[in-house]
Amino acid sequence: MCLAVPLRIESIDGTRAVCDACGVSRDVRLDLVPQAKCGDYILSHAGFAIEILDPAQAQENLAAIREAFDAGRV
């Protein structure tokens with residue numbers, strides 16, 4: 001199963017970005033969302049940003065992922 005994860009862009013170098021989610025950094029390609037900029041939240045799948053998210057939507061998605069993760073820690 002694959003999961004697209006919301007990440008916040010911390011820095012950009014060409015078509016590559018360093019992104020963060022809950023303190024975890026990931027390198028992501030921006031080829032599919034070239035208009036993305038530092039500070040934006042993106043939806044990342046398989047190392048590619050596939051969508052720019054509204055910050056409120058990104059926080060809601062991250063909260064749901066945290067809730068699912070915590071539910072599995074029984």
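Mentor: Arg8 has Tyr41 as its bridge partner in strand 4. Strands here are DSSP runs of E, at least two residues long, numbered from the N terminus. This is a predicted model: local features need pLDDT of at least 70, side-chain atom pairs count only at pLDDT 80 or more, and totals for chains, interfaces and linings use all residues. Residues are numbered from 1 along each chain as its sequence is written, and side-chain values use heavy atoms, with hydrogens and water left out.

Start with the pairing. Strand 1 and strand 4 run antiparallel and are joined by 4 bridges. Two strands count as paired if DSSP finds at least two bridges between them. Strand 4 also pairs with strand 5, again in the antiparallel sense, over 5 bridges. There, His45 stands opposite Phe48 of strand 5.

Now the cover. Of the 5 residues in strand 4, 4 are buried, so the strand is mostly covered (buried means under 20% relative accessible area, exposed over 50%, partly exposed in between, with a 1.4 Å probe and protein chains only).

Next, the turn out of strand 4. The hairpin of strand 4 and strand 5 has 2 residues between the strands. Ala46 lies in that loop. Its phi is near 55 degrees, a positive value in a residue other than glycine. Ala46 counts as exposed because its relative accessibility is 68%. Cys22 also has a positive phi, about 55 degrees, and is not a glycine. Cys22 sits in the loop between strand 2 and strand 3. At 53% relative accessibility, Cys22 counts as exposed.

Back to Arg8. Its side chain meets that of Glu10 in a salt bridge, 3.2 Å from N to O. The rule asks for a side-chain nitrogen of Lys or Arg within 4 Å of a carboxyl oxygen of Asp or Glu. Arg8 is partly exposed, at 32% relative accessibility. Glu10 is partly exposed too, at 41%.

Lys37 is exposed, at 51%, whereas Asp40 counts as buried, at 14%. Another joins Arg29 and Asp31, at 2.8 Å from N to O.

Now go inside. The largest nonpolar core has 12 residues, including Leu7, Ile9 and Ile42. Such a core is a set of buried Ala, Val, Leu, Ile, Met, Phe, Trp, Tyr and Cys residues joined through side-chain atoms within 4.5 Å. Strand 1 and strand 2 are the elements that give two or more residues to this core. Strand 2 gives the most, with 3 residues.

Finish on the surface. Leu32 lies in the loop between strand 3 and strand 4. Leu32 is exposed, with a relative accessible area of 56%.
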